[in-house]
Amino acid sequence: MIPLSHYLIVSAVLFAIGTAGVFLRRNLITILLSIEIMLNAVNLTFVAFGRYAGDVDGQIITFFVMTVAAAEAAVGLALVIALFRHRESLNPDAFTSLKW
Amino acid sequence: MVESLTPYIRPATIGIMIFVAFNALIIASAVLVLAERKIMGFMQQRYGPYLVGPHGVLQPIADILKLLFKEELRPKGADKWLFTLAPVLSVVTAFVAFATVPFGAETTFFGLLDEPIKLGIADVNVGLLVVFAVTSMGVYGIVLAGWASNSKYSLFGGLRASAQMISYELAYATSLAAVILLAGSLSLREVVDAQAGTWLGFIPRWYIFLQPLGFIIYVIAGVAETNRAPFDFPEAEQELVAGYNTEYSSVRFALFPQSEYINMTTMSAVATDLYLGGWHGPFLPAEYGWIWFLAKVGVILFAYIWMRWTVPRYRYDQLMQFGWKWLFPASVINLIATAALVLYLDA
Amino acid sequence: MPETFVFYAFSAVAIGASTLVIGQRNPMYSVMLLIASFGALSGLYIQLDAPFVAVAQIIIYAGAIMVLFLFVVMLLNAPREDAAEYDRSHPFAHPNIGRFGALLATLLIVQLVWALAKVGELKAPVGSRSDAASVGSVVEMGRVLFTRHTFAFEATSVLILVAMVGAVVLARREGSDQ
Amino acid sequence: MLALIPLFPFVGFLVNATMGKRLPKSVSGGLASLAMLASFAVSLITVWQLAGMSPEARAIEQTLYTWIASGDLNIALSFRVDPLAAVMILVITGIGSLIHIYSTAYMHDEVDSEFARYFSYLNLFASFMLVLVLGANFPLMFVGWEGVGLCSYLLIGFWFKKKSANDAGKKAFIVNRVGDYAFILGMLAIFAKFGTLDFQGVASAVAAMPVETGFGILSLATLLLFIGATGKSAQIPLYTWLPDAMEGPTPVSALIHAATMVTAGVYMIGRNAVLFSHAPETLTIVAVIGALTALMAGTIGLVQNDIKRVLAYSTVSQLGYMFLAMGVGAFGAGIFHLYTHAFFKACLFLGSGAVIHALHGEQDVRNMGGLRKELPITYWTFLLAAIAIAGVFPLSGFFSKDEILFETFVEGHTLLWTIGALTALLTATYMFRLVFLTFHGQRRHEAPVAADAHDSHGHDASSHGPGSGSHLHDAPPAMALALIVLAIGSVAAGWIGIPHAIGGHNELGAWLEPSFSAPRVAGEATVSEAAAEAGEAAEAGHAALELTLMGVSLAIAIAGIAFAYFVWIKRRRIADNVVREFPGLHRLLLNKYYVDELYDATIVQPIKVASTEGLWRWFDVRVIDGAVNGAASIVDGSAGVLRRLQSGSVRAYAGSLFVGVVMILGYYLWR
């Protein structure tokens, strides 16, 4: 049987990858993808713990996370499209007008 | 490992099943190619393919050979990997989708096997969802093909495919949910077995009689999912030369119609399992139920082809309108009504 | 030890794919690789006796959300990143923030692994405390979802609605209001 | 059942207020009148039930639910009708419905929405007034008390496009607020003393106590309540709003500022008769104030030229009478006068309204005269009401006023009696001055011009067509009906209170008697019975004296009328001569003793100055604005530094957040 900690480590690594992606990439879409990676890492943690504790709550929370992810993707991509229409660019550093 | 996913069968038999199903699908697609052209001919009062072999029955073989000997073209500026991946992906998903579709009761293949086995590759407790999941992956093949070949027609085809398939998946899934409610199980085999027997001795207990609306929605959405006429927008000859597969040739090209026909077969098989009582039917012993199964699938496939050569293509906006404003609400209503019915009967 | 092998295989695919997702510049590839990573994750879910979550993962993430991403990528058709113009006024807006972030990420991994190492209980096999049936059954899941978590469920439905409206409003071109 | 009485008008209000704009006049007006009639019917039934009971137990109480419950303060939303309340609800609903009907004709020139607004206000007023009367405890009464104040404000300022109307409304509201404040204090005092605010509870608690000697808590509470009453019922010192209230539509003046609302104070004292009768100090004050108000208002009324103002001052003076009665402990007499006064004063106002209506907004008596011919109905009804108020036997006014004077005399307040008698003379005089100036002699006006000149009235003269002044039309049927009914009332209303001295037996007095005594517990009954017997005996003893006094007051009335006739019909010069002889006095009266100016100088201006110079120029500008600006500048300064961090780059933010995560996690690990 695989120890719980293995799953947790996997999810930790995935989460870190996601976070790194947010910083490394200069493309809004890829950044959104990185966020999806993070969410999935968390999902994995939930499911693993749920299996360990032996109740279905972990999986159910996963569904809620998926729902949120769907909503986030929809709104995020809509924003990306709107932004792209304004400046022909997907670079987050190009949208720094929201400051002092 | 997980009990739920292990179809507690011996690897040998699972191998047999895979072999059977795989070849069955390939043959089916070949037969469909011929059938399509024959029926088209019949409908247009022509002979259709007639030269290759008696009444042109060998026409599919000829087609395959022709395509095999064509040159592999890849347009300049096309994306190397995805251009190759796309057709493979579509055909693979098409095959995999069939993995959890049972197509017969226990049989020994006319005594070839010492003990009977269940016809069907994997019997999963969420089989229905697996089918749905894999078919939903099928869109990628087309979308990638459209994008990778770096041509505007293909791109339009891909965009259309993605939008269309996403839209119709909703109605598709919702109509499935109604059946799941009735059967109370996600396992296709259990759904089928729930339809054994008859009402009043002569009406078979098929869900099509409980779910007429659901069945219609399923078939329409299925047509849209497989990008068949009248919903064949991804490859609308008159508008985009050949849609997503404009730039394809030879084997890569061959894989697309191949996967399309396999998807059709899967759709029909699932429809049979869900609505037409699968392999259950009169006159034949349960052991030969798979004959019934084949017959029913054949009927639905004929309907597919019939539809294609009878109904003209929609306009794209009409497609979206229809999908979102009619089909989906109808399926939701159907689902709610079914749920109410189930509740009422249980209470 | 087949399941150990399966676990490592899936984990490797998931991590490798994710690394590649953030590792190269073409969003198209990123999307495809992410789908692969999701597939691997659903494999892990199956191994965790959560077949329903696994299938849902494929249907929702791979089948719907990623198609949406793909659609947008194709729509905007901006395959490669453009070089950024930075304003130096902010410490974090520096070109090297990328590397800085990567550093932080590795730091985070170290910390998390360390934290896990600290907790001895987690070394126990994942299935040791309960049997598969208790978490595997879809019926049980549905029951809990619609009894204990009804409110959250409804809330998410509202959330989805809001997101839908928001997306429509945002993505609509100016001037096409009528 | 009881709840229905205020409910009907309230429903009418809701309907008119919400969908009135879209309703035609006939519907909205008819609806409002119907609501009033319905609640009148219910009131009749209620009173019938009441009459069925034995005199001691005459009370119906209905508790809807507990309204406020906090600590030992426990207030139920409960209505209670006893003989006193019965009289009041009959007056309110009866005269109220008449005035509603009258208004349908009077306000007919308004546009639909205004029309509906008017009737919604009117209905709201009626329902609040009924709540005031039926409320079984102070807070509920106070609800009605405030509500009628609000409605009176709304209705006085009904023609809000006119500045004068707005000012009058505001004045009424503010002056009333002064009184209400005192009223609240009075309630608090009572709660502090008795721990309950229920009328019954207070009454029984007080009945247990000895009559207070000197100025104690009871006197304080009652005095505060009385100040509230002066506000609502326009007594010195808070009477100044009532004359200005005449800016409102005339039916409103009739209903609110003559018949019902202004009598609320009197009713309140009657309701707490037991309480007040235990505070002799206050009672004396009440009596004196009442008498003085009566006299002063009478003198002012003698010289006013605006027909409605004259009536207004006469109202004030009649209210003075009522308070005089209350003050000398003749609660029954006071209520009796309230009741008769409602009839003839309403009739007078409506009559004046008819005149104004006919003259398209002319209100100045100097421009009237000789209307006897054109407006017969108005004339006769007006005349009857005038005779009634002047107090001529056997019209209603006579009995009530006479009873008051008699009681005053019997109680030994000879001075007050003199003032009262003098006021009676004045009343008769100025009322008939009004009658003669308005209806006799020759026409002294040109209607259209007058209409344009003093269009102090919402009507546009043109709606009647120019030159219609040459031929005036009498009150339309709806108005005529109200006038006639009220005239009959002002003749006959008094006959239920005919004193024993002239062979009647004061039914009203007997009817009201239980309301003014403490709720009796078993065993006490005999005592109060004895008291009643004694009362009868006293009545009998006084018969001779009463007869003489009657004669006197009747003579006074006749004299007043005759004097008026002599001065304003026979020898017009005399009046002018008098004016010329005593210009100072005349100006003093004409300017209402300069009371308004006095208030303005002593109260309004100081407050104005204090608030402008002190609160505004110094406190607001220096302190408050200074604080605000200071805070703003601090924020501004710090923000100028901190804003550097806000680069607008999303990844920068994410980076800072991420650093935070790593650091916190690190802290927990290294710890």
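## Helices, cores and contacts in a predicted model

Along its sequence, chain C reads α-α-α-α-α-α-α. Helices here are DSSP runs of H or I with at least four residues, strands are runs of E with at least two, and both are numbered from the N terminus. Chain C has seven helices and zero strands. This is a predicted model: local features need pLDDT of at least 70, side-chain atom pairs count only at pLDDT 80 or more, and totals for chains, interfaces and linings use all residues. Residues are numbered from 1 along each chain as its sequence is written, while chains are lettered from A and ligands numbered from 1 in the order in which they are written.

Stay with chain C. Of its 178 residues, 35% count as buried. A residue is buried if 20 or more other C-beta atoms lie within 10 Å of its own, exposed if 12 or fewer, and partly exposed in between, with C-beta atoms placed from the backbone. Now take contacts, meaning residue pairs whose C-beta atoms, placed from the backbone, lie within 7 Å. Among those in chain C between residues at least 6 apart in sequence, 52% join residues at least 24 apart.

Helix α2(C) is mostly covered, with 17 of its 21 residues buried. The expected span of a helix is 1.5 Å times one less than its number of residues. For α2(C) that gives 30 Å, and its end C-alpha atoms are 30 Å apart, so the two agree. After α2(C) comes C:Asp49, with a positive phi near 60°.

Chain C also meets chain A. Here 79 residues of chain C are in contact with 67 residues of chain A. On the chain C side, α1 (2-23), α2 (27-47), α3 (51-76), α4 (97-118), α5 (132-136), α6 (138-147) and α7 (150-171) each supply at least two residues. That side divides into 55 nonpolar, 15 polar and nine charged residues. Ala, Val, Leu, Ile, Met, Phe, Trp, Tyr, Cys and Pro count as nonpolar, Asp, Glu, Lys and Arg as charged, and the others, Gly among them, as polar.

Next, chain B. Its helices α8 (residues 212-225) and α11 (residues 316-346) pack at about 140°, with axes 10 Å apart. The axes are lines fitted to C-alpha atoms over the stretch in contact, and angles run from 0 to 180 degrees between N-to-C directions. From α8(B), the contact residues include B:Leu213 and B:Ile217; from α11(B), they include B:Leu327 and B:Asn334. The contact holds seven nonpolar, four polar and no charged residues.

B:Ala86 sits in helix α3 (residues 80-97) of chain B. It is buried because 29 C-beta neighbours lie inside 10 Å. B:Tyr140 is 54 residues away in sequence, yet the C-alpha atoms of B:Ala86 and B:Tyr140 are 7.2 Å apart.

Finally, the cores. A nonpolar core is a set of buried Ala, Val, Leu, Ile, Met, Phe, Trp, Tyr and Cys residues joined through C-beta atoms within 7 Å. The largest has 206 residues, and D:Phe125, D:Ala346 and D:Leu350 have the most contacts inside it. Helix α15 (residues 331-358) of chain D gives the most to this core, with 18 residues. A second, separate core of 180 residues includes B:Val143, B:Phe156, B:Tyr304 and C:Ile59.

D:Gly228 lies in helix α8 (residues 217-233) of chain D. It is buried because 27 other C-beta atoms lie within 10 Å. D:Asp180 is 48 residues from D:Gly228 in sequence, with 5.2 Å between their C-alpha atoms.

Note on methods. Contact = placed C-beta atoms within 7 Å.
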